[in-house]
Amino acid sequence: MLACALLLSAAASGAAPAVDAPAAFARLKSLAGDWQGSAGEASMAGPMNVRYEVGAGGTIVKETLFHGTGHEMLNVYHLVGKDLVVTHYCTKGNQPQMTLREVRGDELVFDFTGGTNLDPAKDDHAHSARIAIKGTDQVEEEWTFFAGGKSSGSARMLLSRRQP
């Protein structure tokens, strides 16, 4: 009864309900393995390989984008207190960090919270991400980029789990 009252109160105030970061992290862990698919943004367009690995005693999920290529990048997801965060290690040499802000059905929505080697008001960087986990064998990701303090485009990736 109290939970219902809190949800109704949050809805009435316009506040988003609390995010269950550990549950979202468990969903990311379930992606462990090799994936293949395509990216649809000019600098990254074409086929791609992605690898998800659980590491550091189960405390991180590593997502290697464009695995095995010269455009390889790394995302590291981990819990910080009650938040799920991701740091994107970009080929641009910066490391934007985003925090899970919302879960919409099968979608995890991350927003920019800071980073290193970048000035968000000037530099080109990954600024937000939407990851839709569609069952056990399909993932759809959309990453939004900023440059000069405003949106400069996005990249969408459609991935399928590689079958052994």
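Does Phe66 count as buried or exposed, and at what relative accessibility? Phe66 counts as buried, because its relative accessibility is 6%. Buried means under 20% relative accessible area, exposed over 50%, and partly exposed in between, with a 1.4 Å probe and protein chains only.

The model is predicted: local features need pLDDT of at least 70, side-chain atom pairs count only at pLDDT 80 or more, and totals for chains, interfaces and linings use all residues. Residues are numbered from 1 along each chain as its sequence is written, and side-chain values use heavy atoms, leaving out hydrogens and water.

Start with the overall layout. The protein holds 2 helices and 10 strands. Both kinds of element are DSSP runs, numbered from the N terminus: helices are H or I with at least four residues, strands are E with at least two. Along the sequence the pattern reads α-α-β-β-β-β-β-β-β-β-β-β.

The strands form a closed barrel of 10, in the order S1-S2-S3-S4-S5-S6-S7-S8-S9-S10, with antiparallel pairing. From one strand to the next, the twist averages 25 degrees. Axes are lines fitted to C-alpha atoms, for helices over the stretch in contact, and angles run from 0 to 180 degrees between N-to-C directions. Two strands pair if DSSP finds at least two bridges between them.

Now follow some of the pairs. S1 (residues 33-39) joins S2 through 7 antiparallel bridges. Here Ala39 has Gly46 of S2 as its bridge partner. S2 and S3 pair antiparallel over 6 bridges. Tyr52 stands opposite Glu63 in S3. Further on, 9 bridges join S8 (residues 125-134) to S9 (residues 138-147), again antiparallel. Lys134 has Gln138 in S9 as its bridge partner.

Helix H2 (residues 21-29) lies across S2, S3, S4, S5, S6, S7 and S8. Its direction is at about 145 degrees to S4 (73-80). Contact means heavy atoms within 4.5 Å.

Two loops deserve a look. S2 and S3 form a hairpin with 4 residues between them. Ala56 sits in that loop. Its phi is positive, about 50 degrees, although Ala56 is not a glycine. Ala56 counts as exposed, because its relative accessibility is 55%. Phe66 lies in the loop between S3 and S4. Its phi is also positive, near 55 degrees, in a residue other than glycine.

Finally, the totals. Of the 164 residues, 38% count as buried. The accessible surface comes to about 8500 Å², with 55% belonging to carbon and sulfur atoms. These areas come from the Shrake-Rupley method with a 1.4 Å probe; for residues, only the protein chains shown count as cover.
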